[in-house]
Amino acid sequence: MGHLISIASGKGGTGKTTTTANLSVALGKMGYKVLAIDADLTMANLSLVMGIDDAEITIHDVLAGEADIKDAIYSTSYENVDLIPAAVDWEHVLKADPRRLPSTIKPLKSDYDFVLIDCPAGLQMDAMNAMMSGEEVILVTNPEISCITDTMKVGIVLKKAGLAILGFVLNRYGRSENDIPPDAAEEVMEVPLLVVIPEDPKVREATLEGVPVVEYAPDSNGAKAFMKLAEEVSRIAGFKARVMG
């Protein structure tokens with residue numbers, strides 16, 4: 001059985017989609033079979049970051065009862081990585097029922113080592129349905145106190161809901177001299193710091209090209225940090241597998 005991991009945050013714009021895409025490709029490079037899912041039903045971007053912009057069937061069609069989930073799974077150009085994209089037009093958003101996300105996504109873990117769910121930010125209904133589709137959580141925050149505290153609140157709610165918080169990613173560190181240091185961020189978050197992703201122009205450049213930075217510029221500091229995240233997630237997952245087994 002694979003791992004269902006929700007990628008979550010307290011604020012929009014922290015880098016959840018970039019993290020989902022790069023972690024997916026990095027785990028695929030390590031030989032794991034990975035499925036990335038765009039569960040942000042109103043602000044879908046994952047397919048653009050991963051270079052797929054012509055999907056005929058999306059998660060929205062499945063949640064509207066108009067398609068089977070298997071028909072919404074697309075192979076990507078990245079080794080061992082599949083993608084379930086979301087639609088970008090408002091007509092599909094109106095038809096999709098977000099309450100169906102958990103029952104739609106959870107069965108997929110039998111076919112993959114990792115299922116990574118790109119979730120909306122915050123604690124509104126759409127976000128909660130997406131986040132509760134997972135069994136484990138990686139929180140993504142920027143090094144700003146308001147962002148860290150909001151993401152901490154999301155972690156507290158999800159932990160109370162029974163999800164396992166694997167830790168958090170401190171993303172875009174170093175863009176301001178006022179950034180909260182990693183050790184201070186970890187103290188506030190009260191969950192393990194998995195990795196610090198530095199501010200790196202190559203990450204933004206890669207996103208604009210529709211290619212995750214671990215593929216676009218593998219020697220960049222950003223790419224190396226995402227690979228480190230994949231190694232840490234693999235280590236945690238392997239440990240849990242041994243304990244559970």
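Which residues does V115 touch, not counting residues up to four places away in sequence?

A: This is a predicted model, where local features need pLDDT of at least 70, side-chain atom pairs count only at pLDDT 80 or more, and totals for chains, interfaces and linings use all residues. Residues are numbered from 1 along each chain as its sequence is written, and side-chain values use heavy atoms, with hydrogens and water left out.

V115 touches H3, L4, I5, L35, I37, I105, L108 and K109, leaving aside residues up to four places away in sequence. Contact here means heavy atoms within 4.5 Å.

V115 also belongs to the largest nonpolar core, which has 39 residues. Such a core is a set of buried Ala, Val, Leu, Ile, Met, Phe, Trp, Tyr and Cys residues joined through side-chain atoms within 4.5 Å. Buried means under 20% relative accessible area, exposed over 50%, and partly exposed in between, with a 1.4 Å probe and protein chains only. The residues with the most contacts inside this core are V115, I59, I84, L101, L139 and L158. Helix α7 (residues 145-160) gives the core its largest share, four residues. Helices (H or I, at least four residues) and strands (E, at least two) are DSSP runs, numbered from the N terminus.

Follow α7 next. Its axis and that of helix α8 (residues 182-189) come within 9 Å and cross at roughly 35°. Axes are lines fitted to C-alpha atoms, for helices over the stretch in contact, and angles run from 0 to 180 degrees between N-to-C directions. On the α7 side, I148, T149, T151 and M152 make the contact. A185, V188 and M189 meet them from α8. By class, five of the contact residues are nonpolar, two are polar and none is charged. Ala, Val, Leu, Ile, Met, Phe, Trp, Tyr, Cys and Pro count as nonpolar, Asp, Glu, Lys and Arg as charged, and the others, Gly among them, as polar.

Now the cysteines. A search of the whole structure finds zero disulfides. A disulfide is a pair of cysteine sulfur atoms within 2.5 Å. For C119, the nearest cysteine sulfur is that of C147, 15 Å away. C119 counts as buried because its relative accessibility is 0%. C147 is buried too, with a relative accessible area of 2%.
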